[in-house]
Amino acid sequence: MSSRAEIDTVIDGLGGRENIKDYFHCATRLRFSLYDYSLIDQEKLKSQPSVLTVIIASGQCQLIIGNGVENVYQEVNKFIKNIDASKTIDNSSENEIDHTEATKESKINIVFGFISGSFLPIIGIISAAGLLRAVTTVLGGFSYFHGSETLKVITLIANVPFHYLPVILGFSIARKLKSNELVGAAIGAALLYPEFTKLAGQTLHFSGIPITIADYSGTVFPIFFAVITAAFLEKLLKRVVPNSLQLMIVPLAILVTVIPITLIFLGPFGAILGEYMAKGILYVINLSGLLSGIFIGAFYSIIVMFGLHWALTPITFTNLAHGGDPIYAIGGMSAIAQMGIALGILIKSRDSKTRQLAGSAFFPALISGITEPILYGLIIPNKRTLPFMFISGAVGGGIIGFYGVKINEIIFASLLSIPSAQNILVYTVALFATLLTGALLVIIFGYESNSDVSGDKK
């Protein structure tokens, strides 16, 4: 999407610049929050070469781009900023649209949009740190690296994003809420202040109110509640504090109010809520690891497609902080299933364009774990492969669930995710069983051809 004409068409297909409330990107998607979703012209958006497909879910209009989404985002961002610089948008009109749309948008979409918008900006750094931690775990098993100071430094680097997750997430949540990002980060930092954390388990008093000090490193729920409270207080203060005093008074008032409230109430409440939600999910999975694994492994791709997985993300982080997460381990098999289908099409097809598409989607996915080009470029156009995706995902998910395998890091499911598993042998068997099942189903039963993708006749 490098041409001005294509970007202009996309903006027009979204209802124009005035209809765009916010926009950002994840690993493969451009995500737009709009004022009025009825103005979207999906056919116009899908007609653009860079757009694989369009999904409206989680309170967003999502354009599936693929691995080149970062470059596309930069071009779109530059284009929109040029529009903003040359045209003054009527703020009163915007607010009116926003208010009208807020009554139309479902509460569940608002929640999912908020959660995904808060997590998406940090997933890249968390995944990179997770991969680095998996590598250090593998290297630490070799006698050559025992006592290596270099490995200790690399381990330190890998642990930093997880330890300071409340700081990073505080910044991201505040940005999503359009409040002061540095205040959000400062609140997260307060939860990790060394003078407090070294007293974990002890009790201090603030104006006579007891504060039970806890270790909030790697937690999610406490900072969510804290920054939401801070954003609400910031809007309230800006209505009553004169503009000339807001720069200093507003952050000061927020910090001295929200941090004590968080340490006294929001932090413990969030930590307990997250822990019990995680235990509830684990209890359901443990009732029948095999059946849970089959179900999650089969349909996790559908859950991701509609953005419903963001509701599980805080629970995944809680599980990781308490010894490992089975949800990400099982769900990852659905991505491996997609890779298997791409491999099957690569082997089965005799059409050069289809083979090129399958190869360019399969090999990067095997390393990066990013499968949207497979899902929207191969599986959706060839709908016969959808049951193959469910079946092969269920195979791997069933193996993972039956043996109770958990992962220790947030890494997209791929060959590189193998070291992150607590039981590497079982995880590896599940991964390759899923991959081969998907490929064999395509090879044996074929796949439906789409004239835009392949000219094969089967």
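The model is predicted. Its secondary structure comprises 18 helices and 6 strands. The radius of gyration is 24 Å, close to the 23 Å that the globule rule gives for 458 residues, so the protein is as compact as a globular protein of that length.

**Overall form**
- Along the principal axes, the C-alpha atoms fill a box of roughly 75 × 60 × 45 Å.
- Among contacts with a separation of 6 or more, 71% join residues 24 or more positions apart.

**Burial and surface**
- Buried residues make up 50% of the 458 in the protein.
- The accessible surface is about 21,500 Å². Carbon and sulfur atoms hold 64% of that area.

**Charge**
- There are 31 positive and 30 negative side chains.
- The centres of these two sets lie 5 Å apart.

- In soluble globular proteins, nonpolar side chains tend to be buried together.
- The largest nonpolar core here has 89 residues, and Phe 119 and Tyr 427 touch the most other members.
- Helix H14 (residues 326–348) supplies the largest share of this core, 13 residues.

**Tyr 427 contacts**
- Leaving out residues up to four places away in sequence, Tyr 427 touches Ala 329, Met 333, Ile 400, Val 405, Ile 407, Ala 413, Ser 417, Ile 418 and Ala 421.

How values were computed: Residues are numbered from 1 along each chain as its sequence is written. This is a predicted model: local features need pLDDT of at least 70, side-chain atom pairs count only at pLDDT 80 or more; totals for chains, interfaces and linings use all residues. Side-chain values use heavy atoms; hydrogens and water are left out. A nonpolar core is a set of buried Ala, Val, Leu, Ile, Met, Phe, Trp, Tyr and Cys residues joined through side-chain atoms within 4.5 Å. Buried means under 20% relative accessible area, exposed over 50%, partly exposed in between (1.4 Å probe, protein chains only). Helices (H or I, at least four residues) and strands (E, at least two) are DSSP runs, numbered from the N terminus. Contact means heavy atoms within 4.5 Å. The radius of gyration is taken over C-alpha atoms; the globule rule is 2.2 Å times the number of residues to the power 0.38. Accessible areas come from the Shrake-Rupley method with a 1.4 Å probe; for residues, only the protein chains shown count as cover. Lys and Arg count as positive and Asp and Glu as negative; His and the chain ends are not counted. The place of a charge is taken as NZ of Lys, CZ of Arg, CG of Asp or CD of Glu.
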